Amino acid sequence: MMKITYPSYDFRIKEEAGKEWVFDPIRKQWVRLTPEEWVRQHFLQYLVQEKKYPASLIAVEKEIELGELKKRFDIVVYKDQAPWMVVECKDTTTSLTEAVFRQALHYNIVLKAPFIVVTNGSYTQGYLVENGRLAELEALPPY
């Protein structure tokens, strides 16, 4: 388990038709502020502010094809024009179970990133994928 200390960030939030929306600076659009989106936005700010990962090389909620299924990953960080890190976000009430990790692994069948991370905002686990084996990370790697 990694300890993540989220940086302060002045999120732009609005209410419309009785629902809360947050402005995502990566996607450059307003999105529904669900519990999972809260985690995703905080984790994005951690990646950009604390880890100094370039915002321009982060993709959020993009569609990929797994066989005949169309799925959407939460966060992918690119490096050298290839997926470098896959991040699967869950809301704070969802435990980081094997099923959650398996979801990220399935996305990585297509993406082939060397790093896989799962987080629920409170707990974060990260792994290096190397030679078909997983090694747990104590911290996220420097970019």
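The protein carries 19 positive and 20 negative side chains, and the centres of these two sets lie 2 Å apart; Lys and Arg are taken as positive and Asp and Glu as negative, with His and the chain ends not counted, and each charge is placed at NZ of Lys, CZ of Arg, CG of Asp or CD of Glu. The model is predicted, with pLDDT of at least 70 required for local features and 80 or more for side-chain atom pairs, whereas totals for chains, interfaces and linings use all residues. Residues are numbered from 1 along each chain as its sequence is written, and side-chain values use heavy atoms, without hydrogens and water.

Of the 143 residues, 45% count as buried, that is, under 20% relative accessible area, where over 50% is exposed and anything in between partly exposed (1.4 Å probe, protein chains only).

The structure holds nine aromatic pairs, defined for rings of Phe, Tyr and Trp (its six-membered ring) with centres within 6.5 Å, and classed as stacked when the planes are under 30 degrees apart, edge-to-face when over 60 and tilted for the rest. Tyr53 and Trp84 make an edge-to-face pair, at 5.4 Å centre to centre and 70° between the planes. Tyr53 is buried, with a relative accessible area of 1%, and Trp84 is likewise buried, at 9%. Trp84 also forms an edge-to-face pair with Phe115, with 5.2 Å between the centres and 65° between the planes. Phe115 is buried as well, its relative accessible area being 11%. Together with Tyr143, the residues Tyr53, Trp84 and Phe115 form one aromatic cluster.
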